[in-house]
Amino acid sequence: MIDWDDVRYFLAVARGGSVRAAAVHLGVNHSTVLRRIAQLEERLGAHMFEKLPSGYRLTAAGEEVLELANQMEASSHQLETRVFGRDQSVRGLLRVTLAPTLATHLLMPDFADFARLHPDIEMEILSSGELANLTNREADVAIRVVYDRKTLPLNLHGLKGPELFGGVYMSRDRLTVSRAGAPDPIRWIVISNHGIPDWAREVPTTGVPFRTTDGEAQIVAVRQGLGMTTLPCFIGDADPLLVRVPGTDLNMYGTLWLLTQGETRKTKRVRLFTEFVSRRLAAYAPLLTGLSISRD
């Protein structure tokens, strides 16, 4: 049986006139296009293109396949329209995956607002450090911090959000005591399986580390004045009990992205949610980038 994906690559080359144009259109690399075309030609037992200095030209067999491929594409679009047209009501299950700190310290009020606006949408918030697989439909929307856009899978559709920065924080009371010359040691408070990030290692300490197993315990420990820790700015700057350690710099963690996959993103509840959260994230940009307070 012919793979429809191979046919899509064939159509892209036929319409673009070159492998390069097809690769750009499909968002893949040059070798992927060549491999897909080779698979189709092997399956059909005929060459689809002639390679000329001016580009790729259809052979006689390719011309015949083109007509049928156009019909396949039209049928595929019709199928998508019918199936996903049934799912345009603003109801049903919506699963959102994101890191626990983003859920509890930033976006949960916004999720609540969205749920009130659309009471027939059954929301499931998967706040976990584990990455849910969108392709396998483990979640409908992922909100992720991505350091390098090139690491995003090609099959995911993304809405780019603000950049996310972090800094070094301690409690206001602990800073006051430290400035008064108290002999208490200043410890690093770290999550056990993460340790001290490279960008913060230059900050001097005078005590042994204090380790926790999760982010919430880490935040409580720094509030208690045990020492200092690294936190995203949207947590540290928003906490009235905490302050940035003087003389320390901010560090970029990455960029927030709203990610969806394939046809899932066309459903009305997913589109409404991603547009809603994208607007909220844009409003949070000063807090996320550490510009909500002075960097002095």
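**Close-up views of a predicted model**

**View 1. Phe114 sits buried in the model.** Phe114 has a relative accessible area of 1%, so Phe114 counts as buried (under 20% is buried, over 50% exposed and in between partly exposed, using a 1.4 Å probe and protein chains only). This is a predicted model, where local features need pLDDT of at least 70, side-chain atom pairs count only at pLDDT 80 or more, and totals for chains, interfaces and linings use all residues. Residues are numbered from 1 along each chain as its sequence is written, and side-chain values use heavy atoms, leaving out hydrogens and water.

**View 2. Phe114 meets Phe273 edge-to-face.** A search of the whole structure finds 6 aromatic pairs; rings of Phe, Tyr and Trp (its six-membered ring) pair if their centres lie within 6.5 Å, with planes under 30 degrees apart called stacked, over 60 edge-to-face and the rest tilted. Here the ring centres of Phe114 and Phe273 are 5.2 Å apart and the planes stand at 85°, so the pair is edge-to-face. Phe114 belongs to helix α5 (residues 100-117) and Phe273 to helix α9 (residues 268-283), 159 residues apart. Helices are DSSP runs of H or I, at least four residues, and strands are runs of E, at least two, numbered from the N terminus. Phe273 is buried too, at 0%.

**View 3. Strand β5 has partners in β3 and β11.** In β5 (residues 141-146), 5 of the 6 residues are buried. Strands pair if DSSP finds at least two bridges between them. With β3 (residues 92-98), β5 pairs in the parallel sense over 3 bridges, and Val96 stands opposite Val141. With β11 (residues 251-261), β5 runs antiparallel, joined by 5 bridges; there Arg144 has Trp257 as its bridge partner.
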